[in-house]
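Me: I'm new to this structure and would like a close look at just one part of it. Could you pick out a strand pairing and walk me through what surrounds it?

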Amino acid sequence: MKNILITGGAGFIGSHVIRLFVTKYPQYKIVNLDALTYAGNLENLKDIDHLPNYFFEKVNILDAPAIEQVFDKHQITDVIHLAAESHVDRSIVSPLDFVYTNIIGTVNLLNVARTKWKDDYSKHLFYHISTDEVYGALGAEGLFTETTPYHPNSPYSASKASSDHFVRAYAETYHMKTVVSNCSNNYGPFHFPEKLIPLFINNIITKKPLPVYGDGLYTRDWLFVKDHALAIDLIFHEGIADETYNIGGFNEWRNIDLIKLLCTLMDEKLGRAKGESVQLITYVKDRPGHDRRYAIDASKINKELGWKPTVTFEQGLSETIDWFLQNTEWLDNITSGAYEKYYDSMYSNRV
Ligand code: NAD
Ligand code: TYD
């Protein structure tokens, strides 16, 4: 019997993790702790929120006493920590928000877990979800492995790197059982349209310019979000304590190639003329400190735990586009609110 606290469960990846755990493990109690920031949306969970093993607590991870109450109320046995400020562009504008949530919020959670589980740390797991961005940027060659030195370049990745270090420090210092995974760029249903793929899907639907940063030759390694959730499930249950696991799709794309593929697929699905959406591509001012290339070596999780992606990029991207086209209400609800102001402030001075 486990009572698992999943933080950030109303966000993009968290909602997929919650859905997987709530449906696959009816014997577990799954508690979603989320502050519902701009990125948190309970609509992401409306298909499963009636299930008897699902609980929601609206709590900010900056509020340590409130976290403690949730631990007591639900007798939390394990944590899967996803709550974070997650967008690089926002971190460039407001770095301190990232320091508060990603560093101090993580330390608050660690502190509560340390107090509540002190009788026997071996019975409890603190699983921290991190990113490949902590490793910095790659040149044309090479892959990030679990032993690549940390070299974060953005306030976002610096804050995530710091939180990873705190998790390791708590394992060393207090002998808490922890595990960390560092994943590459995710995409899929419920992705907030500030990130490349959903932002471009939305702009193609509405025939808005497609803002390509810099020369468009930046490279990312894309993984379907449901495959990340499956990796998290596997690591949670079978990962070795105090280890770290890299998760990635062995699926590198230069931004401009990915954008062109997206345009082609969307023209087909929307019944538009071939080549129509590509015309929307607009090169804009680059992101400062923009990391040239990310690519994950996921051979450790593959060899040790038997994980590999279950869908190809073409399948995952097609499913993602279909989801956005079938869920226009979800997209409209987001883009009709504060999003418009965000979009103007981020993009009006880039052109
Ligand atoms: P997201 O921005 O979609 O969701 C973040 C969630 O955290 C939201 O529900 C938000 O309400 C909640 N949250 C934010 N601040 C909070 C606070 N102070 N207290 C409580 N809840 C708070 O993020 P995501 O893309 O789903 O990423 C989830 C995690 O995975 C993050 O830790 C991120 O660093 C990591 N990650 C993301 C990617 C990616 O491609 N998106 C890749 C690797 C790792
Ligand atoms: P993003 O989805 O923000 O993820 P991350 O920066 O965490 O990898 O961006 C993915 C890539 O797409 C990155 O190289 C920046 C680029 N990008 C654009 O060219 N235009 C955009 O409007 C956005 C949001 C991103």
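Reply: Let's start with one residue in this predicted model: Asn185 stands opposite Trp222, which sits in strand S9. That pair belongs to the meeting of S7 with S9 (residues 219–224), where the two strands run in the parallel sense and are joined over three bridges.

Now step back to the sheet they belong to. It's an open sheet of three strands, ordered S7-S9-S11, and its pairing is mixed. Strands S7 (185–187) and S11 (252–254) are at the edges with a single partner strand each, so one side of each has no neighbour in the sheet. From one strand to the next, the twist averages 50°.

A helix packs on this sheet too: H8 (residues 255–270) touches S9 and S11, and its direction makes about 90° with that of S11.

Moving on to a pair of helices, H1 (residues 12–24) packs with H7 (residues 225–238) at an angle of about 60°, and their axes are 9 Å apart. That angle makes H1 oblique to H7. As for handedness, the crossing of H1 and H7 is right-handed.

Who does the touching? On the H1 side, the residues include Phe12, Ile13, Val17, Leu20 and Phe21, and they meet a group in H7 that includes Val225, Ala229, Leu230, Ile232 and Phe236. His16 and Lys24 of H1 also take part, as do Lys226, His228, Asp233 and His237 of H7. Sorted by class, the contact of H1 with H7 has ten nonpolar, three polar and three charged residues.

Methods
Residues numbered from 1 in each chain as written. Chains lettered and ligands numbered in written order. Predicted model: local features only at pLDDT ≥ 70, side-chain atom pairs only at ≥ 80, totals over all residues. Heavy atoms only, no water. Axes fitted to C-alpha atoms, helices over the stretch in contact; angles between N-to-C directions. Helix = DSSP H or I, 4+ residues; strand = E, 2+ residues; numbered from the N terminus. Parallel < 35°, antiparallel > 145°, perpendicular 65-115°, else oblique. Left-handed = near helix turned anticlockwise from the far one by under 90°. Contact = heavy atoms within 4.5 Å. Nonpolar A, V, L, I, M, F, W, Y, C, P; charged D, E, K, R; others polar. Pairing = 2+ DSSP bridges.
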